[in-house]
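Here is a friendly briefing to read alongside the structure. Please have the sequence and the 3D view open as you go.

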Amino acid sequence: MRSLTQQPFRTAVLVLVWGWLLFLVLTPNLLVVGASVMTRDPGSFISLPLTLDAYRQLLDPLYLEVFLHSLYMAAMTTLVCLLIGYPFAWALSKVGKRNQVLLIFLLIVPFWTNSLVRTYALKLILATNGLLNNGLMSLGVIDEPMQLLYTEGAVIIGLVYLLLPFMILPLYSVFEDLREDYLRASHDLGAGRLSTFIHVIVPLTLPGVLAGIMLVLLPAMGLFFVPDILGGSRNLLVGNVIKNQFLDARNWPFGAAASILLTLAMAFLMFAHRLSKRRIGEDGV
Amino acid sequence: MNRWLPRTYLTLVYLLLYVPIVVLVVFSFNESRTGYEWGGLSLRWYEALFNNRAMVQAMWNSLWLALSAATVSTLIGALTALALHRYRFRGKKVLNGMLFVVMMSPEIVLAISLLALFLLVGLQLGYVSLLLAHVTFCLPFVVITVMARLSGFDERLPEAARDLGANDFTMTRTVLIPVIMPALLAGWLLGFTLSLDDVVVSTFVSGPSYEILPLRIYSMVRVGLKPEVNALGTLLLVFSLVMLILSQWILLRSKR
């Protein structure tokens, strides 16, 4: 190995990169872990002694209910995204190559555009005298406007609208890799359509499904501005609780503990994703 | 199989994705204040926007922040990608892992961890804290874009440069940089857009001294409907779209 002085460029690059990541990624995360086991302090946010109170507070029925409701809305969001996205990705992988480029482009446009603005656009449609209600009333489908805004449904619609591309893209990539000869082989071996779907297509697309779940489920618990704009005060996400604890209630240990809960959920999903990929690898695909 | 069904389905989902955006754009030219009824074509909301001093200031702040965050993250991201690609060093997996974690972890987790750090070291929340935070969440995207470009690259070129007597720095400047240029541009544009659109992280790490656009929009849309937001949203959409088309064009052209 050559000494430091002989490779100043290499040294400079590595120091810069490591420095940035240690200071702005590792340290902050350790701080959050630390804050979660400290005592709440009105002056300096956190103080000694060490305690697990914050984690106990997570189990407080009041918050437990909020978390479970948030998990429920996130799970519904993920389910709806999967139900819409799975056939969508399948159909997309069957389109001719030329059109595919354009269609993928149309799918990533939302990723590049302001999600806040798009959530607000939904509000224009869902409001009591918004386009949907007005439209349905003038068609005579309903007599008086439905309460769409500030409901659980509105939050789920908002989350699906923002997160659908994140479900579709990983699914699309597994459908792209799905080889026609497997399907033909399955057919030649006497499997029907349903049987091929269950025994061949589903297992082979499972990593995509899990990647999609990972990319949808977690943000669906964190995007606090969606309930703020569409959901009213009764349909909160874990993200709203964390934001509240850090910016308003100033209870850092509790906010930190809630965020660690989210991180653990992420770690679990990543682990499941990895496992499913490995299993397919071992099956010799 | 029936070719009709998949196509109808695709069209339907795309319609659902784009209807709200179209509604927003159309209503931004609406004369009426109520926001639900069509009152005729008008540019009054755009005028209101540009006559609002605080709004214009927030626009400039956002643009400047996005510009600097994109530039810094492209610089550091490119160097990181080069280091990961070229050098063998201890803890390479850890480095990779940290970038992956930044990209995958929920934004809000990143946001509070950075807030904790900034308050701990006594950094006043404002431009600098926003810049550090934005560079951090843009970084993995730049690294990935540049790595993708490097992975299809002829390894003999840097070797040849070295044989001809170039040191690491010279080789990087004369051989590697030209090769990864398209990825640098694409990464820069992506970083710019990510920064311009961020709400979650900015909510936590910005202070009253530096107001940026997404936060201003956020405070506006929480209560009721504001026609100015339609105009502002439309401007942002067009802006992002131009950036996206530009970056895709650069990447596609470089592949040929």
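This is a predicted model: local features need pLDDT of at least 70, side-chain atom pairs count only at pLDDT 80 or more; totals for chains, interfaces and linings use all residues.

Residues are numbered from 1 along each chain as its sequence is written, chains are lettered from A in the order in which they are written, and side-chain values use heavy atoms, with hydrogens and water left out.

**The interface**
- Chain A brings 80 residues to the contact and chain B brings 88 residues, with contact meaning heavy atoms within 4.5 Å.
- Together the two chains bury about 7400 Å², and 82% of that lies on carbon and sulfur atoms; buried area is the accessible area (1.4 Å probe) lost by two parts on being put together, summed over both.
- On the side of chain A that touches chain B, helix H1 (residues 8–36) gives the most, with 19 residues; helices are DSSP runs (H or I, at least four residues), numbered from the N terminus.

**Helix H5 of chain B**
- Helix H5 (residues 107–120) of chain B is largely enclosed by the rest of the structure, because eleven of its 14 residues are buried (under 20% relative accessible area, 1.4 Å probe, protein chains only).
- Among the buried residues are Ile108(B), Ser113(B) and Phe118(B).
- Just after H5(B), Gly122(B) has a positive phi of about 75 degrees.

Methods: Helices (H or I, at least four residues) and strands (E, at least two) are DSSP runs, numbered from the N terminus. Buried means under 20% relative accessible area, exposed over 50%, partly exposed in between (1.4 Å probe, protein chains only).
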